Amino acid sequence: MCEMWSCNRSTLRSAINRLVKSGELEVRPGSGIYYSGDKYRRKLQGLKSFEEETTLQGRPHESRLLAFEKIESDKRLSRLFRVTLGTQLWHLSRLRFADGRVLQIESSYFLVERFPDIDRFDFARDSLYRVFEQEYGVVPTQGEERISTTRVGEEAELLELPNETPIFRIESRTYDQDGAMLEYCRVMIRPDRVMLISRMETRLAE
Amino acid sequence: MNYHSPLYLQLREVIRSKIESGEYPPGTPIPSENALAETYGIHRLSVRSAISALIYEGLLKSVQGKGVYVTSRKDERDLETIGGFTQTMEQLGHKSSAKILIKATREAGPYYASLLKIDPHDSVYYIKRVLCSDGEPYSLEELYIPTTVLENLPQVDLNVFSMYQIYEFYGIRISRVWERLELEELDPMEARLLDIDSSFAVMKFQGLSYDQHGRIVEYARTYTRGDKCNFSVHYQREG
């Protein structure tokens, strides 16, 4: 490669290192350096489910159920959903894979009262948004997301990352067609495998 | 998070909720390491790990000789409200400034030409600058603008006006922006410009701005410190 691009070895190594760090190149010891394929594009708008979006991108996907339980809302969740302390919420946590690689952990919270028997669905295979809409007539309509970075802690093993690796953390609130709070979701994302895409119209002051 | 989770992570979340609920208000110190260790009956090292994690996230700040303080809310650069970073910062009540490092005219070259949809021999303005909030660097920005878009740019003082104000002067209305966000590590020279260690991950933005005629006016590449910035996005069902 040094000959092909007439550069010296340390320049080349530095460039390769950057691509390994950003996830585009993968070092397989004893074997070589491979292009690991482009990142999954998580669209920040559009409200498509993971299942829909991966299919659109032509990527085989898989989910693993980590938790699906009833919990009692604490102060923060109570305020988010505008319910009293200790209200029952479903907590659904899933590990998401695309192209056979782990991408992110999603933890969703939604009211038991609205969806009392939703545990009859298999969310390792099914889309939560599809079930909301088609089985309960509740349409995820709009919302907001807050994106930040953090260091991976207890999620490290599931995400297959060394402790303290920087990751994306997204907290989202989705509202239904009546403007009521539908779902609160927290996602921990591997930034080497997922790219966040935003496309928007601007709102310019007139 | 449950009672099986490591104690330092549980404490991290306890402190985080107290910050979010306002029980530990911005600008005030949190209880000392010893006090927290005693209150919760956990080891000081666990307390320290919990605190370090929140310092990394930008929610807490360690002040030499005084303690650990709750910082004011991280600045949010809304991916959607294209107010130009200057206007966005002023809305949040911080004093913003920009330091221009490079302002030059160059040939686009094949890569930028394909992004901007111009000929590789066409000229572009290249602007490299560091954005600061209250004097502290926050974001490193590189802009590529075809010269045909803003012909008097060399004369304009970019330290005084934001790019969006300049576009307004020229009657250019940004009507669509495509952006992409990733996490990256900077090389040591660029890391120094942002006053961080090169192992510190930054949020890398790339975006294309179009004007009201569908012409591409700018390609921007921004590296923003994750501890000083959150991003929020509104979304809507499509179709």
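Guide: Domain bounds here come from an automatic or database domain assignment. This is a predicted model, and for chain A the assignment gives domain 1 (1–37) and domain 2 (39–197).

Visitor: What separation do the centres of domain 1 of chain A and domain 2 of chain A have?

Guide: Taken over C-alpha atoms, those two centres lie 34 Å apart.

Visitor: How do you know how confident the predictor is in chain A?

Guide: Its mean pLDDT is 86, and 87% of the residues score at least 70. Residues 201–206 of chain A have a pLDDT below 50, and this stretch has 8 contacts in the model beyond near neighbours in sequence. For the model, ipTM is 0.71 and pTM is 0.71.

Visitor: Where in chain B is confidence lowest, and where is it highest?

Guide: Helix α4 (residues 84–91) of chain B has the lowest mean, 38, while helix α2 (residues 33–40) of chain B has the highest, 94. Below 50 lies the pLDDT over residues 78–91 of chain B, a stretch with 35 contacts beyond near neighbours in sequence. Where pLDDT is low, the predicted coordinates should not be read in detail. Chain B averages 81, and 87% of its residues reach 70 or more.

Visitor: Why is α2(B) called roughly perpendicular to α3(B)?

Guide: α2(B) and helix α3 (residues 44–57) of chain B pack at about 115°, with axes 9 Å apart. Angles of 65 to 115 degrees count as roughly perpendicular, so α2(B) is roughly perpendicular to α3(B). The crossing is right-handed.

Visitor: Which residues of α2(B) and α3(B) meet?

Guide: On the α2(B) side they are E33(B), N34(B), L36(B) and A37(B); on the α3(B) side, R44(B), V47(B) and R48(B). By class, this contact has 3 nonpolar, 1 polar and 3 charged residues.

Visitor: What makes α1(B) oblique to α3(B)?

Guide: Helix α1 (residues 7–21) of chain B crosses α3(B) at roughly 50°, and their axes come within 8 Å. Angles under 35 degrees count as roughly parallel, over 145 as roughly antiparallel and 65 to 115 as roughly perpendicular, with the rest oblique. The angle of roughly 50° therefore makes α1(B) oblique to α3(B). Here too, α1(B) passes α3(B) in a right-handed crossing.

Visitor: How many residues of each class does the contact of α1(B) with α3(B) have?

Guide: There are 8 nonpolar, 2 polar and 2 charged residues. α1(B) brings L7(B), Y8(B), L11(B), R12(B), I15(B) and R16(B) to the contact, and α3(B) brings S46(B), V47(B), S49(B), A50(B), A53(B) and L54(B).

Key
Residues are numbered from 1 along each chain as its sequence is written. Chains are lettered from A and ligands numbered from 1 in the order in which they are written. This is a predicted model: local features need pLDDT of at least 70, side-chain atom pairs count only at pLDDT 80 or more; totals for chains, interfaces and linings use all residues. pLDDT is the predictor's confidence in each residue, from 0 to 100. Helices (H or I, at least four residues) and strands (E, at least two) are DSSP runs, numbered from the N terminus. Two residues are in contact if their C-beta atoms, placed from the backbone, lie within 7 Å. Axes are lines fitted to C-alpha atoms, for helices over the stretch in contact, and angles run from 0 to 180 degrees between N-to-C directions. A crossing is left-handed if the near helix is turned anticlockwise from the far one by less than a right angle, and right-handed if clockwise. Ala, Val, Leu, Ile, Met, Phe, Trp, Tyr, Cys and Pro count as nonpolar, Asp, Glu, Lys and Arg as charged, and the others, Gly among them, as polar.
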